[in-house]
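Subject: Structure for you to look at

Hello,

Here is the structure I promised to pass on. Please open it first, then read my notes beside it.

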Amino acid sequence: MTETPEPDRVRAAREQLAAIHDLLRRDLAAARRDPRAHCLAFCAALSGHHGNEDAVFPRIERAFPQAAPIIARLREDHRRIAGQIAAEPDAATLERMAVELEEHFAIEEAELVPLISRL
């Protein structure tokens with residue numbers, strides 16, 4: 001059985017989101033090594049990324065009402081992570097965030113990319 005090639009728009013959306021997530025992973029790794037030196041930059045980048053996503057969510061929900069449970073989950077993740085950032089995360093919090101973000105990023109990459117590419 002031959003796999004159908006991934007459409008260019010889907011591939012571009014997936015690659016762009018994956019690249020952003022890779023940069024955030026890199027910044028998080030630096031923050032985990034030295035929170036005092038790197039946490040501010042990581043937290044600002046992550047907050048900005050989540051803010052951009054939050055701005056797109058209503059459009060996704062209008063176009064794909066069936067995505068509402070996924071969007072609700074991602075919004076809740078964003079709220080929880082924002083609370084952790086507001087509390088000035090320590091090393092233990094950054095470790096928990098690393099685990100949470102891997103799951104969060106995987107959901108975004110698997111579930112949102114196909115939808116975003118169809119907007």
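Let me begin with a loop. Glu88 sits in the loop between helix H3 (68-86) and H4. Helices here are DSSP runs of H or I with at least four residues, strands are runs of E with at least two, and both are numbered from the N terminus. Glu88 has a positive phi of about 50°, although it is not a glycine. Most residues other than glycine have a negative phi. Is Glu88 buried or exposed? Glu88 counts as exposed, because its relative accessibility is 66%. The cut-offs are these: buried is under 20% relative accessible area, exposed is over 50%, and partly exposed is in between, with a 1.4 Å probe and protein chains only.

A word on the source. This is a predicted model, where local features need pLDDT of at least 70 and side-chain atom pairs count only at pLDDT 80 or more, while totals for chains, interfaces and linings use all residues. Residues are numbered from 1 along each chain as its sequence is written, and side-chain values use heavy atoms, with hydrogens and water left out.

The overall picture

The chain has four helices and zero strands. From the N terminus on, its elements run α-α-α-α. The C-alpha trace spans about 50 × 30 × 20 Å along its principal axes. The chain has 119 residues, and 34% of them count as buried. Now look at contacts, meaning heavy atoms within 4.5 Å. Among contacts between residues at least 6 apart in sequence, 71% join residues at least 24 apart.

The cores

In soluble globular proteins, nonpolar side chains tend to be buried together. A nonpolar core is a set of buried Ala, Val, Leu, Ile, Met, Phe, Trp, Tyr and Cys residues joined through side-chain atoms within 4.5 Å. How many residues does the largest nonpolar core have? It has 14. Phe42, Leu46, Leu94, Met97 and Leu101 have the most contacts inside it. H1, H2, H3 and H4 each supply at least two residues of this core. The largest share, five residues, comes from H4. Apart from this core lies another one, of nine residues, including Phe64, Ala67, Ile71 and Leu115.

Go back to Leu94 for a moment. Leaving aside neighbours within four places in sequence, Leu94 is in contact with Leu28, Ala31, Arg32, Pro35, Cys39, Phe42 and Pro89.

The cysteines

A disulfide is a pair of cysteine sulfur atoms within 2.5 Å. A search of the whole structure finds zero disulfides. Cys39 is in none, and the nearest cysteine sulfur, that of Cys43, is 3.3 Å away. Cys39 counts as buried, because its relative accessibility is 9%. Cys43 is buried too, with a relative accessible area of 7%.

Cys43 is found in helix H2. Leaving aside neighbours within four places in sequence, Cys43 is in contact with Ile85 and Pro89. Cys43 and Pro69 are 26 residues apart along the chain, and their C-alpha atoms are separated by 26 Å.

Gly51 is partly exposed, because its relative accessible area is 36%. Gly51 and His78 are 27 residues apart along the chain, yet their C-alpha atoms are separated by 8.6 Å.

His104 lies in helix H4. Why does His104 count as buried? Its relative accessibility is 0%, so His104 falls in that class. Not counting residues up to four places away in sequence, His104 touches His50, Glu53, Leu74, Asp77 and His78.

The largest pocket

Rolling a probe the size of a water molecule over the atoms shows where empty space is left. On a 1 Å grid over the protein atoms alone, a 1.4 Å probe is used; a cavity is a set of points where the probe fits but cannot get out, and a pocket is an open set with protein on both sides within 12 Å along at least five of seven lines. Lining residues have an atom within 4 Å of a point. Grid points are joined across faces, edges and corners, and a volume is the space filled by probe spheres set on the points.

The largest pocket holds about 400 Å³ of space. Its lining has 17 residues, and Gln16, Leu17, Glu53, Val56 and Ile116 lie nearest its centre. Helix H1 (8-33), helix H2 (35-63) and helix H4 (91-116) each supply at least two lining residues. Which helix gives the most to the lining? H2 does, with seven residues.

Best wishes
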